[in-house]
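Below are some notes on the model, in the order in which I would read it.

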Number of protein chains: 2
Amino acid sequence: MLLGGIEAGGTKFVCAVSNGNSKQIIDKVSFPTGNPEETLLEAKGFFEKHAIEALGVASFGPVDLNIKSKTYGSFLNTPKEKWKHYPLLEQLRALFNIPVYMDTDVNAACLAEYKFGAGQGSDTCLYITVGTGFGAGLVQNGEIYQGKNHSEMGHVIIKKHPDDPYDGCCPYHGSCIEGMASGLAIEKRYGKKGMELTENDQVWDIEAYYLAQAIMNYYVVLIPEKIIVGGGVMKQEKLYPLIRSYFAEQMNGYLDVGPVDELIVAPELNDEQGVIGAMELIRTK
Amino acid sequence: MLLGGIEAGGTKFVCAVSNGNSKQIIDKVSFPTGNPEETLLEAKGFFEKHAIEALGVASFGPVDLNIKSKTYGSFLNTPKEKWKHYPLLEQLRALFNIPVYMDTDVNAACLAEYKFGAGQGSDTCLYITVGTGFGAGLVQNGEIYQGKNHSEMGHVIIKKHPDDPYDGCCPYHGSCIEGMASGLAIEKRYGKKGMELTENDQVWDIEAYYLAQAIMNYYVVLIPEKIIVGGGVMKQEKLYPLIRSYFAEQMNGYLDVGPVDELIVAPELNDEQGVIGAMELIRTK
Ligand SMILES: Nc1ncnc2c1ncn2[C@@H]1O[C@H](COP(=O)(O)OP(=O)(O)O)[C@@H](O)[C@H]1O
Ligand SMILES: Nc1ncnc2c1ncn2[C@@H]1O[C@H](COP(=O)(O)OP(=O)(O)O)[C@@H](O)[C@H]1O
Ligand SMILES: [Zn+2]
Ligand SMILES: [Zn+2]
């Protein structure tokens with residue numbers, strides 16, 4: 001049975017086909033995200049070569065995932081004007097005429113890492129991505145956690161680092177974790193992209209301080225067994241030991257978190273966790 | 001079938017018996033918490049008058065609730081020296097020789113409010129208690145949320161109010177929410193108990209600011225449908241509208257949370273949610 005997966009990102013779409021086992025991708029394509037109609041047609045063109053029987057979609061957000069809601073499967077307040085309120089799930093169902101399953105990109109990525117990557121064997125698995133934005137998803141006992149709607153963990157309010165004058169770039173909250181520690185926040189604070197700041201130790205020290213604080217907050221709420229941190233900003237691998245050490249410092253021995261280098265880890269699925277997770281949604285939902 | 005419930009608090013124990021329906025308490029007693037052996041014997045004395053067939057225990061924490069752990073059912077790092085590492089569940093099982101079920105006081109209270117109180121009908125229900133300490137529990141789809149162990153939401157790190165010079169009383173984290181907004185924090189900050197500060201508006205303004213910030217953080221992680229806030233400090237009822245308004249201000253329209261006075265509410269079970277929840281554990285676990 002062929003399965004299709006779409007990672008619907010704000011800047012690019014990734015489409016893939018697998019032969020039953022979502023991890024074994026047999027064909028894949030990636031193209032920039034344009035307006036909704038042309039982007040979906042491009043996806044349709046790719047999948048026409050394969051007789052997929054079901055489709056999973058891992059979408060950027062926020063999207064309405066409350067099954068009781070009239071706008072289930074539609075975008076909410078996204079800054080991408082053309083996608084605002086676009087009924088993605090409904091349109092995909094109409095276009096493909098096969099079962100379509102949908103969740104957020106981070107939730108799907110979390111599911112993939114839990115099933116095939118760094119989260120294997122952990123009953124409560126948190127996946128965080130620090131990219132242009134900041135997001136996180138949770139898989140608990142094999143299922144994606146969802147409250148009334150999907151989580152929005154990028155918007156936890158955090159305490160400022162004493163040496164950081166920056167007020168944050170979140171248009172809603174200023175200094176939530178996305179506003180302070182996303183790739184965009186780095187760029188706006190320093191006027192340079194992350195990869196141009198590799199040699200500036202203070203940048204990564206402050207970054208790690210914030211990421212550790214968000215992780216501390218997620219930890220005490222969710223008590224995860226595994227915390228996987230990925231996304232473009234984490235290509236700065238020196239962040240891992242810094243985050244672990246700030247996390248241990250902030251936790252200050254209150255809870256027994258086990259070995260912190262086994263708790264806070266890098267992803268293992270080479271930037272394919274989104275699209276693999278999209279296909280896994282078919283099996284899980 | 002008679003059910004027994006114990007709310008094992010740090011300052012007092014409440015024991016109750018119900019006739020199948022946990023909400024209908026037919027006998028109840030309360031006594032100060034002493035050392036473990038004498039306190040358990042006092043509980044045993046009360047229950048001897050009733051032929052209970054199962055017992056639920058809602059305990060102060062932290063306790064080990066990881067079923068895979070060797071110390072499952074024992075206290076962890078509690079400041080109450082005599083109870084530290086005490087194997088509560090094991091001792092109760094030995095003493096009563098009937099099935100015994102255990103969870104934390106806040107988790108049990110959450111379950112009770114979800115089943116019989118302010119949380120009825122909400123798929124994701126958060127219960128917060130602001131007493132001497134600060135704690136919170138979550139019921140999702142009818143079950144108590146638990147990661148690797150029970151949640152420890154009282155220890156989320158928060159941003160300080162600009163007019164608050166106090167550094168917090170949590171021995172581990174200083175300014176976590178328990179350190180800044182618990183009844184003990186109020187007492188330590190102002191040198192007076194909450195009820196003696198009723199007329200001081202700034203006290204409640206700052207208190208509400210912190211509680212709203214913690215709620216904001218729980219909200220974006222858990223996306224609850226209902227948030228019930230109880231405990232001694234919330235006897236200051238003017239806190240409710242203040243918390244709602246700070247919460248709405250901090251959320252700043254990012255997520256559609258519905259009417260905030262239906263989202264953030266008072267408990268309905270008159271300080272019996274702990275012991276009612278203890279009995280409900282029998283049915284749920
Ligand atoms: N080597 C690097 N060091 C630091 N930051 C990086 C690095 N590579 C990419 N980034 C940052 O990561 C962000 C992009 O994240 P990514 O996860 O690749 O994509 P997106 O979030 O847009 O889907 C950008 O802000 C970019 O500046
Ligand atoms: N009317 C009140 N106004 C403000 N604070 C109060 C009031 N009543 C009790 N408190 C505070 O609530 C805390 C006790 O909370 P409670 O939930 O009753 O017990 P505990 O947490 O010890 O089980 C104390 O710090 C006390 O000062
Ligand atoms: Zn934000
Ligand atoms: Zn603390």
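1. Buried area is the accessible area, taken with a 1.4 Å probe, that two parts lose on being put together, summed over both. The model is a predicted one. Between chain A and chain B the buried area comes to about 3600 Å², and carbon and sulfur atoms give 56% of that area. Lys148(A), Val221(A) and Tyr254(A) supply 20% of what chain A buries against chain B, more than any other three residues.

2. In terms of residues, 42 of chain A are in contact with 42 of chain B. The count of residue pairs in polar contact between the two chains, both at pLDDT 80 or more, is 23. Three elements of chain A give two or more residues each to the side that touches chain B: β7 (134–140), α6 (201–222) and α7 (239–251). Of these, α6(A) gives the most, with seven residues. By type, the residues on this side of chain A divide into 19 nonpolar, 16 polar and seven charged.

3. Two salt bridges are counted between chain A and chain B. One of them pairs Asp123(A) with Lys68(B), and their closest N and O atoms are 2.9 Å apart.

4. How are the two chains related? A rotation of 180°, with 0.0 Å of shift along its axis, superposes chain A on chain B with an RMSD of 0.0 Å. This is therefore the relation of a two-fold axis. Within chain A, the C-alpha nearest the axis belongs to Lys159(A), at 2.1 Å. Both copies use the same surface, and 100% of the contact residues of chain A recur in chain B.

5. Which polar atoms lie close by? A polar side-chain atom of Thr132(A) is 2.6 Å from an oxygen atom of ligand 1. Another distance, 2.9 Å, separates an oxygen atom of the ligand from a polar backbone atom of Gly232(A).

6. Ligand 2 has residues of chain B around it, among them Gly131(B), Met195(B), Trp204(B), Gly231(B) and Lys235(B). The side chain of Thr132(B) has an N or O atom 2.6 Å from an oxygen atom of ligand 2. A polar backbone atom of Gly232(B) is 2.9 Å from an oxygen atom of the ligand, and a polar side-chain atom of Gln236(B) is 2.8 Å from a nitrogen atom of ligand 2.

7. Most residues other than glycine have a negative phi, and most peptide bonds are trans. The following places are worth checking against that background. Gly61(A) and Pro62(A) are joined by a cis peptide bond, with omega about -5°. Pro62(A) sits in the loop between β4 (54–59) and α2 (88–96) of chain A. In chain B, a cis peptide bond with omega of about -5° joins Gly61(B) and Pro62(B), and Pro62(B) is in the loop between β4 (54–59) and α2 (88–96) of that chain.

8. Asp271(A) is not a glycine, yet its phi is positive, at about 65°. The residue lies in the loop between β10 (264–265) and α9 (273–284) of chain A.

Note on methods. Residues are numbered from 1 along each chain as its sequence is written. Chains are lettered from A and ligands numbered from 1 in the order in which they are written. This is a predicted model: local features need pLDDT of at least 70, side-chain atom pairs count only at pLDDT 80 or more; totals for chains, interfaces and linings use all residues. Side-chain values use heavy atoms; hydrogens and water are left out. Contact means heavy atoms within 4.5 Å. A salt bridge is a side-chain nitrogen of Lys or Arg within 4 Å of a carboxyl oxygen of Asp or Glu. A polar contact is a pair of N or O atoms within 3.5 Å; within protein, one must be able to donate a hydrogen and the other to accept it, and residues adjacent in sequence count only if both atoms are side-chain atoms. Helices (H or I, at least four residues) and strands (E, at least two) are DSSP runs, numbered from the N terminus. Ala, Val, Leu, Ile, Met, Phe, Trp, Tyr, Cys and Pro count as nonpolar, Asp, Glu, Lys and Arg as charged, and the others, Gly among them, as polar. Copies are superposed by least squares on the C-alpha atoms of residues with pLDDT of at least 70 in both. A residue is near a molecule or strand if one of its heavy atoms lies within 4 Å of it.
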